[in-house]
Amino acid sequence: MALPQIAEDENALIEQAQHGDRNAFGELVSLHYSGVVRVVYRLCGDTGLAEDMAQETFLRAWLNLPSFRPQSSLRNWLYRIAVNATLDVLRRRTDEPLEDEADQMYPDQAAGPETSLIEKERVALLQLAMHSLPEAARSVLVLREYGSLSYQEIASVLDIPVGTVMSRLNYARNRLRELLKSDLLQLENEYA
Amino acid sequence: MHEDMFPLLNAYLDGELHGTRLRDLELHLSSCEVCRNELKQLRLVSDLLQAVPLPEFLPARRFASNLVLSLPRRRMRELPVQPASLAWWLVPAGLLAAWFFVQTAFMLTSALTAAQMTGLLGQATRWLNGGQETIWFAAVSSLFSNRVGAAQPELSLINTLNVFGVNLLDGYLWQALIVLLYWTWLSIWWFRRRPRSMKMENAN
């Protein structure tokens, strides 16, 4: 289906949902659930929390949909709700450890026990590195890397200037580079 | 020089550089080993992040079906009071004030007319006589002033009753007009509110 047609269909669904059509809203949820839950998961690193936050995001979206302006992007609006809701929860539960273990996320055992173990360690290290970033930098990085948003869109979602998006992204990637030096070296060798 | 270029490398990696800035950076990269290496490192970080696998989530359709079942009733939003609405609410207040004024004037006029007819206030209501003559009474009085002398009190009574009737009709007409305007305002107010709440009820 052509992009303008998809946008037109989405606008029609938004209008119906704004007038209280639950099935139309269900269609919108189906379209955007995957993107929302991924972004939330990358922010929090917890599968259960990610699904809870996705649910919270869509509930808030349902309640506030009448005030949504159809000319703006629904995806970006949902991301904004999702990021704010998730960061609120994360701020309240800073002392609790992340629930997901690396082996939950890396079920591929076919590569052999040794390779699998290395991969698990790498994933765990990456998770730790990601979560050691300040939330402001992490949000920008997640929206760029996993949400595939442009700088302008990130600025709009987080309500910050584009210059701040650039500086936070710069900080986040440089910090990750320092934390993941050994992994990067290994990856570089694999590519070589 | 390199430090100036480093922040732009992220934007270049993300496809956010355009025009002369893009050309300048590409020109610089073609001749600068340090910046090329920096860009390579940034790309590796990005690749590493993309390589982190995702756990399995609920399928989108199932999630949406569950969610739709648990959607709460949507409350009607409280509309903020806008400056225009002040004028809107002044309409019934003005109509009530007008109704009160007409009612008072009507009652006073009726009381004075009754007092004049019965002579309760004696000479005190004499000043009303000038404004209380109907056209026909004035014409009859001026044309046949010498001949109607005996019938003067009867004609005067008929004139007063006529004036009373006209005042009564005027009072009721004014009140009917005010009530009509008030009901019109009330209907508009009702219909402006009603469709939204009906829609919300139907939706839920």
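Helices (DSSP runs of H or I, at least four residues) and strands (runs of E, at least two residues) are numbered from the N terminus. In these terms, chain B reads α-α-α-α-α-α-α along its sequence.

The structure is a predicted model, in which local features need pLDDT of at least 70, side-chain atom pairs count only at pLDDT 80 or more, and totals for chains, interfaces and linings use all residues. Residues are numbered from 1 along each chain as its sequence is written, while chains are lettered from A and ligands numbered from 1 in the order in which they are written.

**The two chains**

Chain B contains 7 helices and 0 strands. Chain A contains 10 helices and 0 strands, and its elements run α-α-α-α-α-α-α-α-α-α from the N terminus on.

Burial is judged by counting neighbours: a residue is buried if 20 or more other C-beta atoms lie within 10 Å of its own, exposed if 12 or fewer do, and partly exposed in between, with C-beta atoms placed from the backbone. Two residues are in contact if their C-beta atoms, placed from the backbone, lie within 7 Å.

**The interface**

Where the chains meet, 41 residues of chain A are in contact with 35 residues of chain B. Several helices of chain A each supply at least two residues of the side that touches chain B, among them H2 (22-44), H3 (47-64) and H6 (113-132). H2(A) gives the largest share of that side, 10 residues. By class, the side of chain A that touches chain B has 20 nonpolar, 10 polar and 11 charged residues. Here Ala, Val, Leu, Ile, Met, Phe, Trp, Tyr, Cys and Pro count as nonpolar, Asp, Glu, Lys and Arg as charged, and the others, Gly among them, as polar.

**The nonpolar core**

A nonpolar core is a set of buried Ala, Val, Leu, Ile, Met, Phe, Trp, Tyr and Cys residues joined through C-beta atoms within 7 Å. The largest such core has 59 residues, and Val36(A), Val40(A) and Ala82(A) have the most contacts inside it. H2(A) provides the largest share of this core, 11 residues. Apart from neighbours within four places in sequence, Val40(A) is in contact with Ala50(A), Met53(A), Ala54(A), Ala82(A) and Thr86(A).

**Helices H8 and H9 of chain A**

The axes of H8(A), residues 151-158, and H9(A) come within 8 Å and cross at roughly 105 degrees. H8(A) is therefore roughly perpendicular to H9(A), a term that covers angles of 65 to 115 degrees. Tyr151(A), Gln152(A), Ile154(A) and Ala155(A) of H8(A) meet Val162(A), Val165(A) and Met166(A) of H9(A). This contact has 6 nonpolar, 1 polar and no charged residues.

**Two positive phi angles**

Most residues other than glycine have a negative phi. Ser148(A), which is not a glycine, has a positive phi of about 55 degrees. Ser148(A) lies in the loop between H7 and H8 of chain A and is exposed, with 11 other C-beta atoms within 10 Å. Asp159(A) likewise has a positive phi, near 60 degrees. Asp159(A) is found in the loop between H8 and H9 of chain A and is exposed, with 8 other C-beta atoms within 10 Å.

Methods. Axes fitted to C-alpha atoms, helices over the stretch in contact; angles between N-to-C directions. Parallel < 35°, antiparallel > 145°, perpendicular 65-115°, else oblique.
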